[in-house]
Amino acid sequence: MEQGKLFVISAPSGVGKTTLCRRLLEQISGISFSISYTTRNPRQGEFDGIDYHFVTQNRFEEMVSADAFLEWARVYGNFYGTSKSEVLSRLEMGEDVLLDIDVQGARQVRRLFPEAILIFLLPPSWSVLEARLRDRGSEDSSRLKLRMANAKSELEAMHEYDFVVINDDLSRAAEDLKSIVIAHRCRTPRILARQGLIQALESS
Ligand code: ADP
Ligand code: 5GP
């Protein structure tokens, strides 16, 4: 069976990764989100097993020792990791998988899966990014400053990505993302991998 593809989304905090990933998953089938493990505390409105698997640092370290992560990284003092078994089983079943991970994680994924599709999201401006982070209400002012400072250095990794989507208008940005996924499904090697389809065409 044809393998699924890995789609990786990264962006500075507050650009809109979570919002756009949700939109994409509502609009397109055959792709599922990989729920990461994290040692950070849940935010208001976040639920264990839906937004993240919230685990203790001990549990996370056990998982690292057991080689349970495809990639993992420390971000803003917390650990985050992608479950290896979850992702590999879905790819093997031919399902596309969406990862919302930071640039350190994206580099690890690129090494393991050179054919993964890396998408970087940009805010329309710094002032809009700051306003989104502030309006989300998840950070106090010192953490907000830290996230804004990190955002500028994270942009330096943008050239390592295959696509850039500017998240100004939400619907348009969601359309861009959807187009990237659909275009990859139409690539010749993927179509050729569907032997059944090709044979059916040849015999008709
Ligand atoms: P991230 O996951 O990248 O940290 P979020 O998806 O949590 O970012 O978005 C940060 C805030 O910005 C949220 O309050 C969200 O509702 C808002 N937001 C995201 N995209 C847009 C957009 N295109 N226009 C306006 N607000 C947006
Ligand atoms: P937040 O705490 O705002 O949800 O996420 C903080 C950062 O951690 C974001 O850049 C997000 O993409 C990243 N992140 C979330 N899950 C993972 C993961 O499994 N691995 C890595 N490397 N980064 C992650």
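Helices (H or I, at least four residues) and strands (E, at least two) are DSSP runs, numbered from the N terminus. This is a predicted model, in which local features need pLDDT of at least 70, side-chain atom pairs count only at pLDDT 80 or more, and totals for chains, interfaces and linings use all residues. Residues are numbered from 1 along each chain as its sequence is written, chains are lettered from A and ligands numbered from 1 in the order in which they are written, and side-chain values use heavy atoms, with hydrogens and water left out.

**Stop 1: the sheet**

Select the five strands of the open sheet, which run in the order β2-β7-β1-β8-β9 with parallel pairing; two strands pair if DSSP finds at least two bridges between them. β2 (31-33) and β9 (163-166) are at the edges with a single partner strand each, so one side of each has no neighbour in the sheet. From one strand to the next, the twist averages 25°; axes are lines fitted to C-alpha atoms, for helices over the stretch in contact, and angles run from 0 to 180 degrees between N-to-C directions.

Next, select helix α7 (residues 170-185), which packs on the sheet and touches β1, β2, β7 (96-100), β8 and β9. Contact here means heavy atoms within 4.5 Å. The direction of α7 makes about 155° with that of β9.

Now keep β1 (residues 6-10) and β8 (residues 117-122), which pair in the parallel sense over four bridges. Valine 8 has leucine 118 of β8 as its bridge partner.

**Stop 2**

Select leucine 99, in strand β7. Leucine 99 counts as buried because its relative accessibility is 1%; buried means under 20% relative accessible area, exposed over 50%, and partly exposed in between (1.4 Å probe, protein chains only).

Which residue of strand β6 (residues 78-83) comes next? Select threonine 82, which is buried at 0% relative accessibility. Beyond four places in sequence, the contacts of threonine 82 include Ser34, Phe69, Val87 and Leu99. Its side chain joins that of glutamate 71 in a polar contact of 2.4 Å; a polar contact is a pair of N or O atoms within 3.5 Å, and within protein one must be able to donate a hydrogen and the other to accept it, with residues adjacent in sequence counting only if both atoms are side-chain atoms.

**Stop 3: aromatic rings**

The whole structure holds eight aromatic pairs. Rings of Phe, Tyr and Trp (its six-membered ring) pair if their centres lie within 6.5 Å; planes under 30 degrees apart count as stacked, over 60 as edge-to-face and the rest as tilted. Select phenylalanine 120 and tyrosine 161, an edge-to-face pair at 5.1 Å centre to centre with 75° between the planes. Phenylalanine 120 is in β8 and tyrosine 161 in the loop between α6 (141-154) and β9, so the pair ties together parts 41 residues apart in sequence. Both residues are buried.

**Stop 4: serine 13 and arginine 147**

Finish in the loop between β1 and α1 (17-27), at serine 13. The side chains of serine 13 and arginine 147 make a polar contact of 2.7 Å. Arginine 147 also lies over the face of tyrosine 76, at 4.3 Å from the ring centre; a charge sits over a ring if NZ of Lys or CZ of Arg is within 6 Å of the ring centre and within 35 degrees of the ring normal.
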